[in-house]
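Subject: Structure handover

Hello,

Here is the structure we discussed. My notes come after it.

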Amino acid sequence: MSPSLRGILAALAATVVWAGNFVVARGIAQAIPPVQLNFWRWTLALVCILPWALPRLRDDWPVMRRHWRHLALMGLLGVTLLNTLIYKAGQTTQSLNMALLVPTAPIMIIVLSRILYGEPITWRRLTGMAVVLLGVLTLLSRGDWRHLAAVHFTPGDLWALAGTASFALYSLFVRDRPRELSIPGYNAAYFTLGLLFLLPGLIVETAVMPAPQWSPAVLVGIAYSGIGCSSIAYLLWTRAITNIGPVLAGMIYYSLPLFAAAESAWLLGESVAAFHVLGGGLVISGILLATVDPRLLRLSAPKRAKG
C-alpha cells in the first residue's frame, strides 16, 4: 500500500470517527459547559496517548524544545480553540446551521494553502469541491431547496465559523510537523500545551457556570470524544496530513455530513430517503474527482530504474 493510499484511508477513518462525535455531543452539550467538556475530553485523550509517548520522551524532548512554538500553535488551534468553539456554538445555533458550516473547512484550507504556501487551485479541485457542496446541500435541504432559504442564522454561527477556521489552520500547519519527532510524542506535546491554555477558561467557567450534570450519557460522550475523536482520530489525521497534504485531506473531511447522516440512521433509527442516496452519491463523486488523481497522489509505486 502506497503512502498516498494510506493517507486517504487514514483521513477517511478520522472523518468517520469525527462524524460520530456530532451524534454523541448532541445529547450532552446542555449537560456540561463547553470548556469543561473540552477539558475532560482532551485530558482523557492525553491519558490514552501517554503509554506510547512516554517511552519516546527521551529522544523526543530535545526536538520538542526546539519546536515549542509550533507545538504551542497546534495546541492552541487543535485543542484549546477548535472544540470549545464548536461546543459553544452548539448551545446557541441550530443543528442545520452547524451542518451547513462544517463543509466550509476544505474551502478555507484551499484558500489558505494558496495564500500561505502558494499551492495551486486546479480545475479538478474546484470542480470536485462544487460537486461535493451540491451533494451536501442536497442532504441538508432534504431534497427541497426551499428549506435552505428558511434557515435563520444566529450569532452562534460565528462561533462555529471560528471553530471551522481553527481546524483549517490546524490542518495547514500540521504539515510542518518535525519529522524527527514521533507522532505519539508530537500529539502528547500539543495535547498538554492545549490543556494548559484551557486552564484560565476552565477556572472562569467553573466559577460562573452551573456544575455539570453528570450521568452515564455524559460519561459515555466524554469517553467517545476523548478516546475516539481526540486520540485515535487525531493520530489518523496527523498521518493523513503527512502523507497527502492538508488540501486533499480536507476534501475527504468534506464528506463528514454524509457519514454523520449514516451514523444517525444507524444509531438513532432515522430513515434513509432518496435525497440521502442522491446527496451521498454527489459527495462521494466530488471527493473522488478532487482526490483520486494518480499523477497527483502517486498511488502506484514508482518503478525502479534498471541497471
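The notes below cover the cores, the ring pairs, the salt bridge and a few surface points.

This is a predicted model, in which local features need pLDDT of at least 70 and side-chain atom pairs count only at pLDDT 80 or more, while totals for chains, interfaces and linings use all residues. Residues are numbered from 1 along each chain as its sequence is written, and side-chain values use heavy atoms, with hydrogens and water left out.

Nonpolar cores

The largest nonpolar core has 63 residues. For a core, buried Ala, Val, Leu, Ile, Met, Phe, Trp, Tyr and Cys residues are joined through side-chain atoms within 4.5 Å. Buried means under 20% relative accessible area, exposed over 50%, and partly exposed in between (1.4 Å probe, protein chains only). Trp18, Tyr170, Tyr190, Phe191, Tyr234 and Trp237 touch the most other members. Helix α11 gives the largest share of this core, 13 residues; helices (H or I, at least four residues) are DSSP runs numbered from the N terminus. Another core, of seven residues, lies apart from it and includes Ile32, Leu37, Val218 and Ile222.

Leaving aside residues up to four places away in sequence, Tyr234 is in contact with Trp18, Arg41, Trp42, Gly78, Leu82, Asn83, Tyr170, Asn187, Tyr190, Phe191 and Cys229 (contact: heavy atoms within 4.5 Å). Ser225 is placed in helix α11, residues 216–253, and is buried at a relative accessible area of 2%.

Aromatic pairs

There are twelve aromatic pairs in the structure. Rings of Phe, Tyr and Trp (its six-membered ring) pair if their centres lie within 6.5 Å; planes under 30 degrees apart count as stacked, over 60 as edge-to-face and the rest as tilted. Trp18 and Phe167 are edge-to-face, because their ring centres are 5.6 Å apart and their planes at 90 degrees. Trp18 is in helix α1 (residues 3–25) and Phe167 in helix α9, so this pair ties together parts 149 residues apart in sequence. Trp18 is buried at 8% relative accessibility, and Phe167 is buried at 3%. Phe167 also pairs with Trp237: the centres are 5.5 Å apart and the planes at 40 degrees, so that pair is tilted. Since Trp237 lies in helix α11, the pair ties together parts 70 residues apart in sequence. Trp237 is buried, at 0%. Ring pairs link Trp18, Trp42, Phe167, Tyr170, Tyr186, Tyr190, Phe191, Tyr234 and Trp237 into a cluster.

Salt bridge

One salt bridge was found in a search of the whole structure. The cut-off is a side-chain nitrogen of Lys or Arg within 4 Å of a carboxyl oxygen of Asp or Glu. The partners are Glu180 and Arg66, at 3.5 Å, N to O. Glu180 is in the loop between α9 (156–173) and α10 (183–208) and Arg66 in helix α3 (residues 57–66), so the pair ties together parts 114 residues apart in sequence. Glu180 is partly exposed at 47% relative accessibility, whereas Arg66 is exposed at 53%.

Other surface points

Pro55, in the loop between α2 (34–53) and α3, is exposed, with a relative accessible area of 62%. Its C-alpha atom is separated by 9.8 Å from that of Pro184, 129 residues apart along the chain. Leu81 lies in helix α4 and is partly exposed at 30%.

Regards

Notes
Helix = DSSP H or I, 4+ residues; strand = E, 2+ residues; numbered from the N terminus.
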